[in-house]
Structures are given as C-alpha cells and as structure tokens.
Amino acid sequence: GEGRHPVRKFTTIFALTMAASINSLPNEILEFIFSLLPPYEPLEHCAAVCKRWNLLATNVRARKKSNLQKGLIDFNLCWKEILQESTPRIAARFAHASSLHRNSMYVFGGASSCDTTFNDLWRFDLSRREWIRPISMGTYPSPKAGASLVCHNDLLILFGGWQHAYTPFHMCTLIDELHVYNIAENRWTIHNQAYGPPPMTGHSASVHRNKMILFGGYQKNMENLRTSNDIWVLDLERLVWKKPAVSDLKPAPRYGQFQMAIGEDHILVLGGTGGVNRVFNDAWLLDMQRDTWVWKRVQIKNKKSIVTHNWCYPACNVGSKVIVLGPTSPNDFQIIRPNRVPPMGRTRPTAEQLRNRIGAAPHGPMQAGEPNIPPRANLPPPPPAPMQPTLPGPSQGVSPKESNPSSGPGPSKPPSTVNSGVPVVEARPGPSGLRTPSSTASGPPSRSMPIIRSAFSRQSSEDDHLPKRFNQQNLEQNHMAMVAFSVDSSNHTSNASFSHERKLELLRKLEDKISAMRRAKEAEQQQQQQQQRHGIREVNNADRSINSTGGSPDPVTPKRVKRNGLAIFVCDVSNLLPTGGAEPCIEWQESKNSGLIAGAPDHYTFSTMINGNGELIVFGGLNKNHKSENLCVSNSVHFLTVPTAVV
C-alpha cells in the first residue's frame with residue numbers, strides 16, 4: 001500500500017513533520033505567528049486545533065483589542081487601505097448604513113453622485129478582504145440612504161432613510177419602513193405597524209438587551225418637516241413600537257448625532273445638528289432604569305481638543321473610548337469673498353449690508369424659541385443638478401458663519417435690502433467684478449476699476465427702435481454689465497471694431513484661460529496630496545542621508561500644505577457612571593499632529609466606521625474638497641489599526 005501511493009505518504013510525513021516543528025516553538029513565537037493572521041475566521045480555525053492553540057488564539061484576540069485601546073491613548077496608530085482588484089465590487093456611495101456581524105461587515109443602500117439611491121445589500125468578508133453580493137429573497141427594502149442598521153443575534157434591523165425624488169423640483173422622500181434581514185435564511189421581511197415613528201432620517205439607534213432605541217432624526221409629521229428629540233423603542237422579539245415616558249429636561253432637537261450603549265441601562269448621545277448654523281458639541285446621558293427615563297447633561301473636559309464639526313463624520317466606540325473622524329480645524333471650509341475692489345466714488349458697504357450679504361440675521365441672532373426647520377439643502381438634491389448635490393446641514397461649501405439661518409425650502413428669495421432700499425447684490429465672478437448702484441454718501445477713496453470707454457460719445461435718438469444688445473445703458477445704471485462689452489448702442493454700426501467673430505474669439509480665449517487655471521489647481525491639489533502621503537518617507541530619507549554624511553542638512557523653506565485628510569479625535573467615557581453621586585463627565589484627549597496620521601483617508605463625510613477585532617473599518621463617503629467642481633464618492637475600505645510589533 002505504501003508503494004502504490006508515494007505522494008500521499010510524502011504528504012502525510014511532511015504534515016507530521018511541520019506539526020511537530022511548529023508545536024515545538026515557544027508560546028511567544030507561536031502567538032506572534034497567530035497575530036499575523038486576520039483576527040476572524042483564520043484565527044477561529046487555529047483555535048479549533050487543540051487546547052494550546054485555543055488558548056493562544058484567545059490571547060491574540062484580547063491582545064489586539066487592548067493594543068488598539070492603548071494605541072488610541074498613545075496615538076500609536078496606522079492607516080491601511082485595501083485595494084480591490086477582484087470582482088464583484090461594490091459601487092461608490094455615501095450616507096449608507098453598515099453593521100458588523102461576526103466576521104463580516106454588511107452595507108446597505110446609500111446614495112451616489114448622480115442623484116440615485118441604492119437598495120442593494122453587500123457583505124465584506126473581513127477574513128478574505130473581499131466583497132460578496134448575497135442574492136437574498138423576500139421583500140426587498142426600497143432604495144434609501146440615511147437609514148439605521150443594527151445587528152441583533154442573527155438579524156439585521158433596517159429602519160428609516162430618505163430617497164431621491166425622481167421628478168424635478170420635488171423634495172426628497174422620507175421613509176418609515178421597518179425591514180428585518182435574517183442572515184441565516186438570507187431573506188428580507190417587512191414589518192410595518194399601525195403605530196410607530198414617523199418617516200425620518202439622520203436618527204441614531206442602539207440595541208439594549210432585546211430592544212432597539214431610536215433617538216432624534218429629521219422627521220416628517222403630517223406635512224411638516226422638523227428635527228426631533230423623541231425616543232422610540234422597538235421590541236425586537238414582537239417587533240412592536242412604543243414611546244416611553246421621558247423627563248422634561250431633554251436635548252435640543254437634532255439629527256446626525258452619535259449614540260452608544262453604556263452598560264444595559266444607559267445611552268450616550270454626542271454631537272448632532274439642529275439645522276443651519278446649529279452644530280452641537282454637547283453630550284447627554286439617558287438613564288433607563290426607572291419607568292420615567294431621565295436625561296442628564298454631561299460635563300465635557302478638555303474642550304479645546306473636541307471635534308469642531310461633530311455631525312456628518314463617522315464615529316464608533318472601542319471599549320471606554322469614542323473615536324470620531326473629522327476635520328482638523330474649521331478653516332477647512334471654503335470662505336467666499338469678493339475678488340474685486342469697488343470702483344472709485346462708491347461708498348464702502350455698511351455693517352448692515354455686510355450682514356445681509358453673508359446671510360446673517362438682520363435683527364440679531366436667531367432666538368432659541370424660533371422653529372428650526374432645516375432648508376432644502378438639508379436633504380439630498382433634486383435631479384436637475386446631477387453633478388452638484390447639496391450637502392445636508394451647515395457643511396455646504398461655505399463656513400458656518402456665512403450660512404443663512406432664515407433660508408428654507410422653496411423658491412429663491414429676492415435680494416435683501418437695507419433701510420435705504422438699495423438691494424444688496426452677491427459678489428459674482430467675471431470681468432466686471434461687483435458693481436453697486438450709485439450713492440450720494442461719501443466714503444474713503446479706493447482704487448478705481450479700468451473702464452473701457454466707447455469711441456462714440458453720443459447716441460442718436462433714432463436708435464431707440466433698435467433691439468438692445470449687451471448693455472446700451474450707462475455703467476452706473478446697469479450694475480451687472482460686462483466690462484468687455486461696455487459700449488454704447490451706436491456701436492452697432494461699426495462692424496469692423498467688434499464683429500461677431502471677434503466676440504467669439506474673446507469668449508474662446510476666456511474659456512481656455514479658465515480651463516487652464518482649473519487644470520493647474522487640480523494638478524497642485526494632487527501634488528499636495530502626494531507630498532502629504534510621502535512626507536514621512538522623505539523625512540526618513542533625509543535622516544539617513546544626514547547620518548551617512550555626518551553633516552547638517554541644507555535649510556529648507558517650509559511650505560504650507562493644506563491637509564485634506566481625516567483627523568482622529570478620541571474621547572474617554574469611562575467616567576460616565578461615577579459613584580458617590582458625582583456628575584457624569586467625559587474628556588477629550590490631546591492628539592498629536594492635529595490628529596493626522598500618514599495614509600489617512602481623504603476628507604470624506606457621510607461615511608461609516610465600525611469596530612472590528614482590534615481594528616476599525618472605514619468605508620465610503622463623499623469628498624469634501626471644494627476646489628474641484630466634480631463630486632467624488634468613494635468605495636474604498638480603510639483600516640485603522642496598531643503597527644505590527646516585531647519579536
């Protein structure tokens with residue numbers, strides 16, 4: 001028998017030899033080998049070999065979790081990106097829902113940059129680092145984004161969301177559907193009850209024992225859209241909704257907040273937004289031990305290290321730490337300013353005109369009792385502008401100070417006016433700059449703009465019956481005139497000076513110039529990103545050259561590079577349940593290098609982040625770069641973990 005199957009005999013001997021050799025290794029070396037495996041299914045297979053391997057695999061899992069918490073404290077972390085080359089591959093999206101179940105990350109829905117929403121379900125195998133599209137059965141959910149997805153046992157519970165409108169000039173549709181996905185049976189089921197929460201999006205959800213707790217959200221009650229601070233409870237065994245009794249003291253209505261479970265009877269709520277110019281950086285603790293649930297405001301320590309825009313960025317908890325990804329500073333948002341100086345003889349704008357121009361309230365700040373209904377910009381955009389969808393809330397390409405709190409859904413309002421009745425006109429790009437109507441008030445002199453004077457100083461009364469082309473009025477009367485065509489109406493008789501071909505040529509040159517400037521800006525942006533990613537490598541090379549030559553490096557003028565990566569903010573929530581009657585408190589930790597780490601994802605919002613086994617997984621999002629006109633939606637997967645130690 002041994003001679004008939006020499007290959008089988010060799011394989012058996014080799015396997016026994018390898019097993020004997022690897023078992024002869026010390027526990028420290030064997031545990032280090034296990035730590036190089038993905039901490040999911042491969043590690044589970046190793047734990048099933050024998051008792052020794054099971055103990056070492058358990059130690060590896062515990063060590064990875066403790067190393068991640070220690071790395072968050074010491075800021076000893078690293079980013080890793082998974083490059084997907086195999087198929088199938090998930091489409092790029094933002095505002096999707098994701099949840100972790102055992103060794104997989106499930107992703108549902110989301111929106112694209114072309115005014116479409118998805119209803120597909122994907123599974124990312126964390127062991128093999130690949131996407132799998134399960135072809136499920138049952139009643140599929142409708143396409144939606146901004147929904148909540150939680151995991152309970154072997155069930156995924158999906159609720160709420162918004163959907164793009166498929167007809168022009170219509171608001172997006174809010175959804176109140178409740179779907180349950182059975183992972184074992186690979187089946188969707190819908191459970192719509194007569195009593196339940198209204199259609200909503202931007203709410204937060206967490207699981208406590210056999211209940212799912214919903215808080216806040218942007219809701220549609222009857223025909224009104226509003227932010228909410230209500231609490232809804234879903235019994236996960238009977239799938240029945242109820243509304244508990246809550247104390248009078250409540251957080252302000254909000255959506256886009258982060259929610260996590262503290263033990264079995266408490267909930268922590270961080271951040272959120274209540275609309276334009278209302279970003280919350282507060283913290284609230286909900287006590288659910290009694291029949292009447294009680295809200296408590298949480299004291300925040302070290303506020304200088306707090307994330308400044310805590311509502312549209314991913315967040316998750318790792319033990320007693322909360323990790324939030326966000327911008328390094330509020331200066332990342334674009335500030336729009338006029339590019340031209342007013343002509344000589346014009347008065348400088350008054351303070352009231354400046355407030356109206358930037359959209360501030362003319363009668364002081366917004367009162368707390370006013371209804372706070374977010375404008376249409378808080379919802380996804382209508383189809384007529386597919387390449388320019390407006391982001392919800394106050395993170396819309398302008399700084400929070402420049403947003404108009406009184407704006408709302410519907411047609412655009414006329415320009416605001418001051419007491420003198422003179423309309424305030426927004427600054428517009430172009431060769432003519434910004435022109436204001438003439439005023440009798442005097443002001444400090446300023447540099448005059450160049451004006452092209454017409455060769456014909458008079459205008460005949462016989463030209464009144466001719467059609468008015470470009471601008472036939474005086475420069476003081478037509479404030480939106482283009483300087484390139486600031487000529488009198490008598491110029492229609494001089495075809496040699498300004499012919500149709502000449503005007504087309506000027507327009508072509510202007511278009512070529514704008515295109516060249518745009519390409520230069522995009523190239524500069526790509527160069528800055530490459531410098532940011534390879535900055536550490538260049539520093540290491542410089543150190544090696546210094547050590548090899550023994551001399552000092554040449555002085556290099558520092559170049560200020562705009563950092564577009566996501567920064568890491570860590571909050572300690574271990575003192576939320578103090579003993580002895582002390583007040584609950586949280587503390588934001590000091591970060592190194594403004595929270596930026598080499599290889600960090602670009603500045604994306606509306607992405608998701610979940611806590612795996614000793615690593616954080618970040619997926620998708622919408623690019624926050626305002627220099628480029630094209631919106632960028634991502635389908636990349638990034639891992640935040642601790643660098644591997646060498647034995």
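Reader: At what angle do helix 2 and helix 4 pack?

Author: Happy to start there! This is a predicted model, in which local features need pLDDT of at least 70 and side-chain atom pairs count only at pLDDT 80 or more, while totals for chains, interfaces and linings use all residues. Residues are numbered from 1 along each chain as its sequence is written, and side-chain values use heavy atoms, leaving out hydrogens and water. The axes of helix 2 (residues 27–35) and helix 4 (residues 51–74) are 9 Å apart, and the packing angle is about 60°.

Reader: Which word describes how helix 2 lies relative to helix 4?

Author: Angles run from 0 to 180 degrees between N-to-C directions, with axes fitted to C-alpha atoms, for helices over the stretch in contact. Under 35 degrees counts as roughly parallel, over 145 as roughly antiparallel, 65 to 115 as roughly perpendicular and the rest as oblique. With an angle of about 60°, helix 2 is therefore oblique to helix 4.

Reader: In what order do the four strands of the open sheet come?

Author: Strands are DSSP runs of E with at least two residues, helices are runs of H or I with at least four, and both are numbered from the N terminus. Two strands pair if DSSP finds at least two bridges between them. The edges are strand 14 (204–208) and strand 19 (240–242), each pairing on one side only. The pairing in this open sheet is antiparallel, and the order is 14-15-18-19.

Reader: Which residue in strand 18 stands opposite Ile213?

Author: Strand 15 (residues 211–215) and strand 18 (residues 231–235) run antiparallel and are joined by five bridges. Along this pairing, Met212 faces Leu234. Opposite Ile213 stands Val233.

Reader: In the hairpin of strand 14 and strand 15, which residue takes a positive phi?

Author: Strand 14 and strand 15 are antiparallel, with five bridges between them; for example, Ser204 has Phe215 as its bridge partner. The hairpin has two residues between the strands, and the positive phi, near 55°, belongs to Arg209.

Reader: How many of the five residues of strand 23 are buried?

Author: Buried means under 20% relative accessible area, exposed over 50%, and partly exposed in between, using a 1.4 Å probe and protein chains only. On one side of strand 23 (residues 283–287), Ala283, Leu285 and Asp287 are buried, as are Trp284 and Leu286 on the other. Strand 23 is largely enclosed by the rest of the structure, because the buried residues number five of the five.

Reader: What is the bridge partner of Asp287 in strand 24?

Author: Four bridges connect strand 23 with strand 24 (residues 292–297), and the two run antiparallel. They form a hairpin with four residues between them. Within strand 24, the partner of Asp287 is Val294.

Reader: Is Thr641 buried or exposed?

Author: Let's locate it before deciding. Thr641 belongs to strand 33 (residues 633–641). Leaving aside neighbours within four places in sequence, Thr641 is in contact with Leu77, Cys78, Lys80, Gly614 and Glu615. With a relative accessible area of 12%, Thr641 is buried.

Technical notes
Contact means heavy atoms within 4.5 Å.
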